[in-house]
Amino acid sequence: MLDLLITHASLPDGRTDMSVAVREGRIVEVTQGLAAPAARTVDAAGQLLSPHFCDPHFHMDATLSYGLPRVNESGTLLEGIALWGELKPLLTADALVERALAYCDWAVAKGLLAVRTHVDTSDPSLLAVDALLEVKRRVAPYLDLQLVAFPQDGVLRTKGGVDSLKRALDKGVDVVGGIPHFERTMADGAASVKLLCEIAAERGQLVDMHCDESDDPLSRHIETLAFETQRLGLQGRVTGSHCTSMHSMDNYYVSKLLPLIAESGVSVIANPLINITLQGRHDTYPKRRGMTRVPELMNQGVNVAFGHDCVMDPWYGMGSGDMLEVAHMGLHVAQMTSQAGIRRCFEAVTTNAARLMHLPRYGIEDGADASFVLLQARDPVEAIRLRATRLMVFRRGRLLAETPATTAALHLDGRPTATSWMPAQGARPVR
Ligand code: FE2
């Protein structure tokens, strides 16, 4: 007897009419046309069953604080950081936990069941660290929360910064973070990368650094990050987040840099919504888009994922935890509009993100966790186009959230009585 059987599902790899059988929280079989007794059977009716969404880059200590104590007038990264500095003394652990839990509710409803969040370690009291460790414990039954020790004000620039970061790691923070482009000098930035990678290597931890979140084409800390990754044998364990300076770099230098990143096994996270918002703010016209070179990195074999980064905080007033919105913006900014390109954007918020987060048992396959989302769409391209409704969200076989299908009733003479914005099957391109 199965606990759950999904029938007639389409899968992201293009297989259709698939059955997915679940027992004790795990997928035990993925095959066509399985009929077996199950405690619950769901007929997917040809719609897409995807592994759950993953957000590999977020700031949960700041989320849902938009307008506190004021909004970011210039819209720049630097005013955002200054504004966060104004907010920090006003933060209470209770309010922070409450906002984070509310955000996790939004995330679950959107099929987002794994989030890597940076947590600011610049404040020696580590109030935000303690609060997010509490959130991690409380959401563990329904969402995987991974914490990154993030020295927002610069690990070397802040007095006692290294000590605070190490204490955060001792408390149970999972990943070593950094922000080399915010250190006082390029040399200090490079020194911070070396130091933080050494700390991670010593402790056997992963690294995820904000790296070159700048329009400065000479901000090249990603080069140091790739070098240190190789020197310390950290291949496959290190991520460079943002890397927006690559947008503005000299093409000849990038032709050397891309293979270095690929060789080092460093993953890259672009944050399309935030990059298009914060970068290029010092430009007149033309205004740069600022996002890193996503298709070029992917073509080199680099694992590239998309993050949400911010939702309703000092840097960004929009968002709802919808990783399809992130993928939608990503494909526009990167001009990845081919069928293959759109599918790669879907992977950037699912499998690629899961890979860099080292999530075990991820995917729609035998032995994986039964943590998946049924979308009101027939394939990944349609899912992104419609930012499709999450009909059902399961984690380890347990139903966590449901949303009714989105349909508009029409009152038009001689026309259908409803629409869900889906063309007839024949109007969809062949893969
Ligand atoms: Fe960030």
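The notes below cover a metal site and a set of charged side-chain pairs.

The model is predicted. An iron ion is held by protein donors from His 57, His 59, His 210 and Asp 309. The structure also holds 23 salt bridges, and some of them are described here.

**The iron site**

- The iron ion has donor atoms NE2 of His 57, NE2 of His 59, NE2 of His 210 and OD of Asp 309, at 2.2 to 2.5 Å.
- Along the sequence, these donor residues follow the spacing H-x1-H-x150-H-x98-D.
- The angles among the 4 donor atoms run from 84 to 176°, and the site is irregular. The site does not count as tetrahedral because that label needs all angles between 85 and 135 degrees.
- Both His 57 and His 59 are buried.

**Salt bridges within a helix**

- Side chains of opposite charge can pair when their charged atoms come close.
- In helix H3, which spans residues 127–139, Arg 137 and Glu 134 are 3 residues apart, or about one helical turn. These two residues form a salt bridge, with 3.2 Å between the closest N and O atoms.
- Arg 137 is exposed, at a relative accessible area of 55%, whereas Glu 134 is partly exposed at 26%.
- In helix H4, Asp 163 and Arg 167 are 4 residues apart, again about one helical turn. Their side chains meet in a salt bridge with an N to O distance of 3.2 Å.
- Asp 163 is partly exposed, with a relative accessible area of 46%, and Arg 167 is partly exposed at 30%.

**A salt bridge between separate parts**

- Asp 174 and Lys 136 form a salt bridge in which the closest N and O atoms are 3.0 Å apart.
- Lys 136 belongs to helix H3, while Asp 174 sits in the loop between helix H4 (161–171) and strand E9 (175–176), so the pair ties together parts that lie 38 residues apart in sequence.
- Asp 174 is partly exposed, at a relative accessible area of 24%. Lys 136 also counts as partly exposed, with 24% relative accessibility.

**A network**

- Which residues are linked in a network of salt bridges? Arg 26, Arg 361, Asp 369 and Arg 396 are linked in this way.

Technical notes. Residues numbered from 1 in each chain as written. Predicted model: local features only at pLDDT ≥ 70, side-chain atom pairs only at ≥ 80, totals over all residues. Heavy atoms only, no water. Donors = N, O, S within 2.8 Å, 3.2 Å for Na, K, Ca; no water. Tetrahedral: all angles 85-135°; square planar, octahedral: opposite > 155°, others 65-115°. Buried < 20%, exposed > 50% of the residue type's maximum accessible area, 1.4 Å probe, protein only. Salt bridge = Lys/Arg side-chain N within 4 Å of Asp/Glu carboxyl O. Helix = DSSP H or I, 4+ residues; strand = E, 2+ residues; numbered from the N terminus.
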